[in-house]
Amino acid sequence: MNLESAVKYFSPKSLSITTESPCTADDRLTATDIMGALGMATAKSQFGMALFFAKVDLSQEAKEIAIAELTRYALTQAPKYLGKSVSGRQLGMVVKILAQAAYAEYVNSPDADKECPVCKGAKKINGIGCKHCKGTGLVKNRCQCHGSGKVIDQVRTNKTGVLTEKICSRCNGKGFFKIPSSVAYRAVSSIVTELTQSTWSRRFKPLLDHLVIKCEIEENFANSTIKKVTK
Ligand SMILES: [Zn+2]
Ligand SMILES: [Zn+2]
């Protein structure tokens with residue numbers, strides 16, 4: 001069993017396990033087995049489990065735990081990356097911004113919201129509601145390929161007469177776009193006012209990238225723990 005099937009055993013609002021499973025992914029396992037397995041996996045990898053449940057949007061509590069854990073981890077990595085460029089209260093605030101930005105990139109998907117590119121999140125243009133985002137200030141982070149990552153290969157389709165698809169070159173087949181790091185740069189430079197673009201790229205951006213990878217590693221770890229204990 002992997003995390004995706006384990007999700008079915010969780011009640012959506014809290015991080016607790018429900019014994020009335022809607023559909024049993026694996027008939028060999030009883031609810032008790034699964035509760036035991038998830039309990040053990042959570043004990044071994046609370047961070048990874050929280051990340052995963054936050055990602056599938058099951059729990060607000062999981063999201064808070066995940067960001068708090070990531071912030072704590074980021075603080076341990078900060079000296080190596082940031083050196084003496086920030087310290088004290090500033091450091092705490094910067095690390096929090098970077099952890100939040102890394103989390104946003106980790107959960108990023110075609111269904112994630114992003115700032116409306118037309119009104120820049122302001123919801124209105126010259127006092128009139130923005131038409132592009134219907135006045136919400138947000139749009140889905142979906143590529144023009146409708147988030148599928150595939151587009152029709154016109155050349156091949158014309159040549160062969162068979163409808164052929166190819167990987168979308170706009171999003172590289174992901175179906176959505178990376179959150180530009182300029183968003184985090186702007187937030188950090190509101191705290192570290194003297195921050196230059198080159199210091200950002202040399203010190204802060206690598207820490208941000210490292211945090212996104214850390215999330216993926218932790219999720220994989222939780223996933224392999226689940227697989228191991230339910231084997
Ligand atoms: Zn708009
Ligand atoms: Zn695309």
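Trainee: Does Cys 119 count as buried or exposed?
Mentor: This is a predicted model, where local features need pLDDT of at least 70 and side-chain atom pairs 80 or more, while totals for chains, interfaces and linings use all residues. Residues are numbered from 1 along each chain as its sequence is written, and chains are lettered from A and ligands numbered from 1 in written order. A residue is buried with 20 or more other C-beta atoms (placed from the backbone) within 10 Å of its own, exposed with 12 or fewer, and partly exposed in between. Cys 119 has 21 such neighbours inside 10 Å, so Cys 119 counts as buried.

Trainee: Which residues is Cys 119 in contact with, leaving aside its neighbours within four places in sequence?
Mentor: Cys 119 sits in the loop between β1 (113-115) and β2. Contact means backbone-placed C-beta atoms within 7 Å. Outside its sequence neighbours, Cys 119 touches Lys 124, Ile 125, Cys 130, His 132, Cys 133 and Gly 137.

Trainee: How many helices and strands does the chain have?
Mentor: Both are DSSP runs numbered from the N terminus: helices are H or I with at least four residues, strands E with at least two. Starting at the N terminus, the order is α-α-α-α-α-β-β-β-β-β-α-β-α-α. Tally that up and you get eight helices and six strands.

Trainee: What is the phi of Asn 126 near?
Mentor: Look in the loop between β2 (124-125) and β3 (128-129), where Asn 126 is found. Asn 126 is exposed, with 5 other C-beta atoms within 10 Å. Most residues other than glycine have a negative phi. Asn 126 has a positive one, near 50°.

Trainee: And what is the phi of His 146 near?
Mentor: His 146 lies in the loop between β4 (138-140) and β5 (150-152). His 146 is partly exposed, with 13 other C-beta atoms within 10 Å. Its phi is positive too, and the value is near 65°.

Trainee: How does α4 lie relative to α5: roughly parallel, roughly antiparallel, roughly perpendicular or oblique?
Mentor: α4 (residues 60-82) packs on α5 (residues 88-106) at an angle of about 125°, with the axes 9 Å apart. Angles under 35 degrees count as roughly parallel, over 145 as roughly antiparallel, 65 to 115 as roughly perpendicular, and the rest as oblique. So α4 is oblique to α5.

Trainee: Which residues in α4 meet α5?
Mentor: On the α5 side, the partners include Leu 91, Val 95, Lys 96 and Tyr 103. Facing them from α4 are Ala 66, Ile 67, Leu 70, Thr 71, Ala 74, Leu 75 and Ala 78.

Notes. Axes are lines fitted to C-alpha atoms, for helices over the stretch in contact, and angles run from 0 to 180 degrees between N-to-C directions. Two residues are in contact if their C-beta atoms, placed from the backbone, lie within 7 Å.
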